[in-house]
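Dear colleague,

Please find below the structure that I am handing over to you. My notes on it follow directly after.

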Amino acid sequence: KVKVDRCVVLTSQQQQDIQKRFVGMEYDLACIPHAQEASGDRAIKRDKDLLVALVRLSPEKRIEDMVRIMKGIHHDYPSKRLEIYGEGKERESLEALIRDLGLEKVVFLKGYAEDVGEIFSRAALSLLTSKFEAFSLSVLESLAHGCPVLAYDIKYGPASMIQNAENGRLVAAGNIEAAVQVLSSLFAAQDKLEKASVNAYLSAQRFNPKEVARAWSRVLFG
C-alpha cells in the first residue's frame, strides 16, 4: 500500500468532488492551478468581429457546436467570423458542416499555430465547447491575453477561471441557443465586451507563476 501525504488537483471543483467521493481521506488535498504570465496589452486594437478557438479537432471538443453557434448569430451579425486553430481527425467532417451551413466565409479552419499570444491578443472573444476538460489551458491563455471567453460550464476548469458577466460568460453545456443569445447581447453592447477584456487580463493575475510557486512551496515545505 502506497502512503500518500498530499494530493494536488487543478481546480476547486475537482477538490470538492474528491472530498465528497472519498470521505475521511487520510491525506491533505490541495488545489493549485497551472501558472500563466498575464501579458495582455490593453493598447492593442482588437478586431471586434473576430472570434477564435485554439482546440484539437477531435470529438470531445464538440467543435460542431461552435460552427452552429456561428450559424445562429450570422443573420443578425454577418460580419462576425470564427477562426479555429488546431488539427485533428474531425477536419473533414467540420469542413463538410461548414459547407452545408453556408459558412465558408464565416468559419475558418486555420490549422496548427504556434503564436498563441498573437491570436488571442487580436481577437474580441474566444470559444470553448468541450464535453470535458482537465483544466483548459486555452481558457487561461485567452484570459491572460485580455481575451474574454464564452465557454460551456463543464467539468473541469472554465468555472474556476471565468467569472460570469465579468471576464467572460458560462452557458449550460450543449445549449447552442443560449450561447447565441449571450453573444448577441455582447455584440449589441460593445462597451461590455471591452470591459470584459480588461477584466480578463486582471483576473489572470492570480495565476502568476510567482503566486503558483508560492502555493507549491506551502504544499511541499509547509
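In this predicted model, helix H2 passes helix H3 in a right-handed crossing; a crossing is right-handed if the near helix is turned clockwise from the far one by less than a right angle, and left-handed if anticlockwise. H3 comprises residues 91–100, and the two helices pack at an angle of about 15° with their axes 10 Å apart. H2 and H3 are therefore roughly parallel to each other, a term for angles under 35 degrees, whereas over 145 counts as roughly antiparallel, 65 to 115 as roughly perpendicular and the rest as oblique. The axes are lines fitted to C-alpha atoms, for helices over the stretch in contact, with angles running from 0 to 180 degrees between N-to-C directions. Helices (H or I, at least four residues) and strands (E, at least two) are DSSP runs, numbered from the N terminus.

On the H2 side, Ile63, Glu64, Val67 and Arg68 make the contact, and on the H3 side Leu94, Leu97 and Ile98; contact means heavy atoms within 4.5 Å. By class, the contact of H2 with H3 has five nonpolar, no polar and two charged residues. Here Ala, Val, Leu, Ile, Met, Phe, Trp, Tyr, Cys and Pro count as nonpolar, Asp, Glu, Lys and Arg as charged, and the others, Gly among them, as polar.

As to the basis of these notes, residues are numbered from 1 along each chain as its sequence is written, and side-chain values use heavy atoms, with hydrogens and water left out. Local features need pLDDT of at least 70 and side-chain atom pairs count only at pLDDT 80 or more, while totals for chains, interfaces and linings use all residues.

H2 (residues 63–74) also meets helix H7 (residues 176–187): their axes come within 9 Å and cross at roughly 50°. That makes H2 oblique to H7. The crossing of H2 and H7 is right-handed. From H2, the contact involves Asp65, Arg68, Ile69, Gly72 and Ile73, and from H7 it involves Ile176, Ala179, Val180, Leu183, Ser184 and Phe187. These residues divide into seven nonpolar, two polar and two charged.

Most residues other than glycine have a negative phi, and most peptide bonds are trans. Arg62, in the loop between strand E3 (47–54) and H2, has a positive phi of about 55° although it is not a glycine. At 15% relative accessibility, Arg62 counts as buried (under 20% relative accessible area, with exposed over 50% and partly exposed in between, for a 1.4 Å probe and protein chains only). Ser136, likewise not a glycine, has a positive phi of about 80°. Ser136 lies in the loop between strand E6 (123–128) and helix H5 (137–144) and is buried, with a relative accessible area of 5%. The peptide bond from Lys155 to Tyr156 is cis, with omega near 0°; Tyr156 belongs to the loop between strand E7 (149–152) and helix H6 (158–161).

Turning to the cysteines, the structure holds zero disulfides, a disulfide being a pair of cysteine sulfur atoms within 2.5 Å. For Cys31, the nearest cysteine sulfur is that of Cys7, 11 Å away. Cys31 is partly exposed, at 32% relative accessible area, whereas Cys147 is buried at 0%.
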